[in-house]
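Biologist: I am new to this structure. Please take one part, the charged side chains, and go through it closely.

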Amino acid sequence: MKTAWSETLDPNAILPEYPRPQMRRNSYFSLNGEWDYAITKTRKEPGEYDGKILVPYPPESEASGVKRVVGARDYLHYRGTFTL
């Protein structure tokens with residue numbers, strides 16, 4: 001389901017706030033943003049990825065940019081890099 005809010009998402013500023021304010025830490029690193037994803041039938045790391053997914057949204061959602069169902073026998077792989 002597409003909403004006016006989902007059309008204005010900025011992949012560089014996805015939910016920058018701390019995810020659980022009642023348990024806030026002094027420092028944290030958000031992994032929200034664009035990652036590579038692949039949906040496969042095995043646990044093995046895929047040689048190729050299917051595209052980009054916008055984390056923290058599930059692949060089934062419009063906001064993720066994927067809009068694909070991950071079945072009970074599927075594996076969802078993510079790949080991304082970041083600097084600490």
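Modeller: Lys41 counts as exposed, because its relative accessibility is 63%. Residues are numbered from 1 along each chain as its sequence is written, and side-chain values use heavy atoms, without hydrogens or water.

Which residue pairs with Lys41? Asp74 does, in a salt bridge whose closest N and O atoms are 2.5 Å apart. A salt bridge here is a side-chain nitrogen of Lys or Arg within 4 Å of a carboxyl oxygen of Asp or Glu. Lys41 sits in the loop between strand S1 (33-40) and strand S2 (51-55), and Asp74 in the loop between S2 and S3, so the pair ties together parts that are 33 residues apart in sequence. Strands are DSSP runs of E, at least two residues; helices are runs of H or I, at least four; both are numbered from the N terminus. Asp74 counts as buried, because its relative accessibility is 17%.

Next comes Arg68. It forms a salt bridge with Asp50, with 3.2 Å between the closest N and O atoms. This pair also links distant parts of the chain: Asp50 is in the loop between S1 and S2, Arg68 is in the loop between S2 and S3, and they are 18 residues apart. Both partners are partly exposed, Arg68 at a relative accessible area of 34% and Asp50 at 40%.

Glu62 and Lys67 make another salt bridge, at 3.7 Å from N to O. Glu62 is partly exposed, with a relative accessible area of 23%. The search of the whole structure finds 5 salt bridges.

Last, confidence. The protein has a mean of 86, and 81% of its residues reach 70 or more. Where pLDDT is low, the predicted coordinates should not be read in detail.

Note on methods
Predicted model: local features only at pLDDT ≥ 70, side-chain atom pairs only at ≥ 80, totals over all residues. pLDDT = per-residue confidence, 0-100. Buried < 20%, exposed > 50% of the residue type's maximum accessible area, 1.4 Å probe, protein only.
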